[in-house]
Amino acid sequence: MSKVKVRIEGHYEVEDLPYGKDYVWVPAHALIECDCGQVMDADEHHTTCPNCGADRADVLREVAGRHLGDEVLHPWHPDYEVWRTFKENRTEYQEWLELRSLDQG
Ligand SMILES: [Zn+2]
């Protein structure tokens, strides 16, 4: 059984929107440390170790499924929940927009 270490590189980009914050997960790439010691910068198109030629596609797929899945894509954050509630309740949002335009007029 080969021992492969993986690190996911990525970050959230936070957009300030009138009704709250939007969180966008930006997965950059996965760093895979091959059992031969080579650390490789892997993405869906680059899964082969440049040192020993081992194909790490399986590892990458597993990691992507686990770390780049829904839990990562939808962070648990109060602001995010508020924004989601706003989006789900469009009537309230429309009313808020109207109030806002009155304020500005
Ligand atoms: Zn290798």
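User: What average pLDDT does the protein chain have, and what share of the residues score at least 70?

Analyst: The protein chain averages a pLDDT of 72, and 60% of the residues score at least 70, where pLDDT is the predictor's confidence in each residue, from 0 to 100. This is a predicted model, in which local features need pLDDT of at least 70 and side-chain atom pairs count only at pLDDT 80 or more, while totals for chains, interfaces and linings use all residues. Residues are numbered from 1 along each chain as its sequence is written.

User: Where in the protein chain is confidence lowest, and where is it highest?

Analyst: Confidence is lowest in helix α2 (residues 70–73), at a mean of 46, and highest in strand β3 (residues 39–42), at 85. Over residues 70–74 pLDDT stays under 50, and the model has 3 contacts for them beyond four places in sequence, a contact being a pair of residues whose C-beta atoms, placed from the backbone, lie within 7 Å. Where pLDDT is low, the predicted coordinates should not be read in detail.

User: What makes up the order of elements in the protein chain?

Analyst: From the N terminus on, the order is β-β-β-α-α-α-α, with 4 helices and 3 strands; these are DSSP runs numbered from the N terminus, helices being H or I with at least four residues and strands E with at least two.

User: Why is W25 called partly exposed?

Analyst: W25 has 13 other C-beta atoms within 10 Å, and a residue is buried if 20 or more other C-beta atoms lie within 10 Å of its own, exposed if 12 or fewer, and partly exposed in between, with C-beta atoms placed from the backbone; W25 is therefore partly exposed. W25 is placed in strand β2 (residues 20–33), and its C-alpha atom is separated by 7.4 Å from that of G10, 15 residues apart along the chain.

User: Why is P50 called exposed?

Analyst: P50 has 11 other C-beta atoms within 10 Å, so P50 counts as exposed. P50 lies in the loop between β3 and α1 (57–67), and, not counting residues up to four places away in sequence, P50 touches Q38 and M40.

User: Which residues make up the largest nonpolar core?

Analyst: The largest nonpolar core has 6 residues in all, namely A30, I32, C34, A42, C49 and L60, a nonpolar core being a set of buried Ala, Val, Leu, Ile, Met, Phe, Trp, Tyr and Cys residues joined through C-beta atoms within 7 Å. Beyond four places in sequence, C49 touches C34, C36, Q38, M40, A54 and R56.

Notes
Contact = placed C-beta atoms within 7 Å.
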